[in-house]
Structures are given as structure tokens and as C-alpha cells.
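Please look over the sequence and the structure shown here before reading on. The report takes up a few local features in turn.

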Amino acid sequence: MAAVTERSQTAIATAEPVVSVRDLWMVFGPKAGGVPSSPELCDLSRRELIDKTGNTIAVRDISFEVAPGEVFVVMGLSGSGKSTLVRCLTRLIEPTAGQVIFEGEDILKADQKRLRELRRHKFSMVFQNFGLLPHRKVVDNVGYGLEVRGASKADRRRRAMEMIELVGLSGYESSYPDQLSGGMQQRVGLARALAVEPDVLFFDEPFSALDPLIRRDMQNEVIRLHRELNKTMVFITHDLSEALKLGDRILIMRDGVVVQVGTGDELVGAPANDYVRDFVSDIPKGDVLTLKWIMRPPSDDDPMDGPELGPDVIVREATRVVLAADKPVRVVKDGQLLGIVGHEEILAIVAGTI
């Protein structure tokens, strides 16, 4: 899972959001605008609304915030509304109702000129189908956004070469897209998105068409780039393992509705309902949960001279220390004893009884 520290979670909780989504609706069909404002229609299920009005709700009254430097993952199965949601955030699709506040500005109120400025300077998208121009070399594909912005040829090439090196494609700048593998083409798409120095990167299932090994490499590449550049990212996926690996926080959607938002360990350790519980049931808990989820309160009988670990250490990483110790491990933060973890707590995770 993503290495989310308590410090970074505190920053996420207190920072002024880069993106604030408020009461967002996306309804397809005749007179769609009347659905969000009608309490009667809002209470209908998807099937009931189709039968009654011919409208389909893809996104239903969604609200969330994305903090600076956060990797915010939106996930769900096919038809959950996640890809429609990310397209609403960039106004590739016009939402039916609600607000999308980007750095304090409601972009749903922006005219086409302002929207073009935002897309050229403030946010970029990386798609599943790469979207590369087949007749242009790698360096020209990477610099395309800068060309649209009006940058000089020399500046475009300089910046493009920097990004090509950043994503590990040095030596391929003169190649054409059809001469590259799928993973390499996606690196070109990533370099192109980064070249315009956006404040936010939006990823719409960018790796779902790649082979598993290439997909893993690209996931690691995103983690590396995030660590180096600290870019705010909104990442769409249907793959829970990918979401847990990349996301600081994860929003789970079902039928256009938010089911739960939380860190990976919150989704696995405290699922909001049976749907989320089933969703995470195959995930090895020891790879996701931290010691704070399995520790027990200290008792008077517990020795107080055992090893110390922090509450945010992942159980898998703590297992060897706990099992090798002849005394229970003390879970300590800022000098305060929070709990105890012994062999029983670790073995309960391994046995799947927690």
C-alpha cells in the first residue's frame, strides 16, 4: 500500500484543498437538470429513475476534497461512475449540478476561454488509450501541450527532453509511438502531462490495458514521480490492489454514489458496510493494517521493557520483530504507550481471525 505516514495524513486533514467537489450530479437523459432539484426523483434507484423518466444517474450527489500533494484514488467496478466523475472534474463532460472548486475557483462557472487556460496551465490528464500523435516523434508528443500554449520550439524541446529523462525514456526521443511498447507509450503520455507543470494530474485507468508486469512498473513509476515532484494526483482505477498501492486516500463508488472514503487501512480495518467488506475481503490484512489496528490495551501484567514500534508500522513489517521478541512489543508515539502487540495479535492476522 502507499506509504502514508501520520504526518502526511495530518497535513491532508489540515491543508487547504486543491480540489473541492460539492454536491456533484451527472444525469444523462431528457430534462436531466430537473432530477437533482426534485426530492421525489432523487430518492429513486437507478432502475426506478430510468423507468419513470428515461434518465440515468451516473454521479449522485458526490462531495469530497483533495489536499495538496495527495494521491486521491477513486475506484469502483465497471458502471460505478468513476470515469464519468473524473471527466466532470475537468469538464470534459458538463456536470448536471454541483460545484468543482479548483484552487478556490468554481470551474463549472468558467467560460470556454478560462477553461482552456486551466487545461493548459493547471491540470493535465493521462488516459488509458495514451492519445499519442502517431506522426510525431516522442519529443514532439511530449512537447505538444507546450506548443499549444505557445512556447518557442527551443523551450519546448528543452522541457520535453527533461521530462523524457525523468520518465526513463532517454534515447527514444526520436522514435515514433508505434516503435514503442505499451508501457513506453504510457511513459510518453505521462511525460507529456508533466511537461506543462500542472498543479493536478488526473489519471483515468491509465494502466488497465497493460500487461501485469508493465502495469506494476508503471505503478512504481507513479510512486517515484510523486515522491520526487509531490504532485497532487487524482487516480481512477477498478483495481483495489492498485488503489491500495498508490492511494493516500481511496474513495469507493457504487452506482454513482460514494460508499466510503478513507485510507487503505481504514477501508480494510473498518469497512463502512458489507459491500466494502466484501470488496476488501481478499486483501491480505497484514499488508495493509498498521499496529494501531491490532494492538491491545496494556495491562499491569505486561512487561514494560519490550521493543518499541510506532502505531503506523504495517503489520507485515512488524511481524519479524514481534515474533522474535521474548516480550510483547510496546506501541509508542511521542513517548506515550498506546498499546501492546504480542504473538497472539500477529498470529490472529496471519490466521485471518481479525
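This is a predicted model: local features need pLDDT of at least 70, side-chain atom pairs count only at pLDDT 80 or more; totals for chains, interfaces and linings use all residues.

## Helices α15 and α16

Helix α15 spans residues 315-324 and helix α16 spans residues 343-351. Their axes come within 10 Å of each other and cross at roughly 135°. Angles over 145 degrees would count as roughly antiparallel and those from 65 to 115 as roughly perpendicular, so α15 is oblique to α16. The crossing of the two helices is left-handed.

On the α15 side, the contact is made by V315, T319, V322 and L323. Helix α16 contributes H343, I346 and I349. By type, five of the residues in this contact are nonpolar and two are polar, while no charged residue takes part.

## Residue R91

R91 sits in the loop that runs between α4 (82-89) and β4 (97-102). With a relative accessible area of 9%, R91 falls under the 20% limit and is therefore buried.

The side chain of R91 forms a polar contact with the side chain of E94, at 3.0 Å. Leaving aside residues up to four places away in sequence, R91 touches I107, L108, K109, A110, Q112, L115 and R119.

## Residue I294

I294 belongs to helix α14, which covers residues 291-294. Its relative accessible area is 6%, so I294 is buried.

I294 and S175 are 119 residues apart along the chain. The C-alpha atoms of these two residues are separated by 52 Å.

How values were computed:
Residues are numbered from 1 along each chain as its sequence is written. Side-chain values use heavy atoms; hydrogens and water are left out. Axes are lines fitted to C-alpha atoms, for helices over the stretch in contact, and angles run from 0 to 180 degrees between N-to-C directions. Helices (H or I, at least four residues) and strands (E, at least two) are DSSP runs, numbered from the N terminus. Angles under 35 degrees count as roughly parallel, over 145 as roughly antiparallel, 65 to 115 as roughly perpendicular and the rest as oblique. A crossing is left-handed if the near helix is turned anticlockwise from the far one by less than a right angle, and right-handed if clockwise. Contact means heavy atoms within 4.5 Å. Ala, Val, Leu, Ile, Met, Phe, Trp, Tyr, Cys and Pro count as nonpolar, Asp, Glu, Lys and Arg as charged, and the others, Gly among them, as polar. Buried means under 20% relative accessible area, exposed over 50%, partly exposed in between (1.4 Å probe, protein chains only). A polar contact is a pair of N or O atoms within 3.5 Å; within protein, one must be able to donate a hydrogen and the other to accept it, and residues adjacent in sequence count only if both atoms are side-chain atoms.
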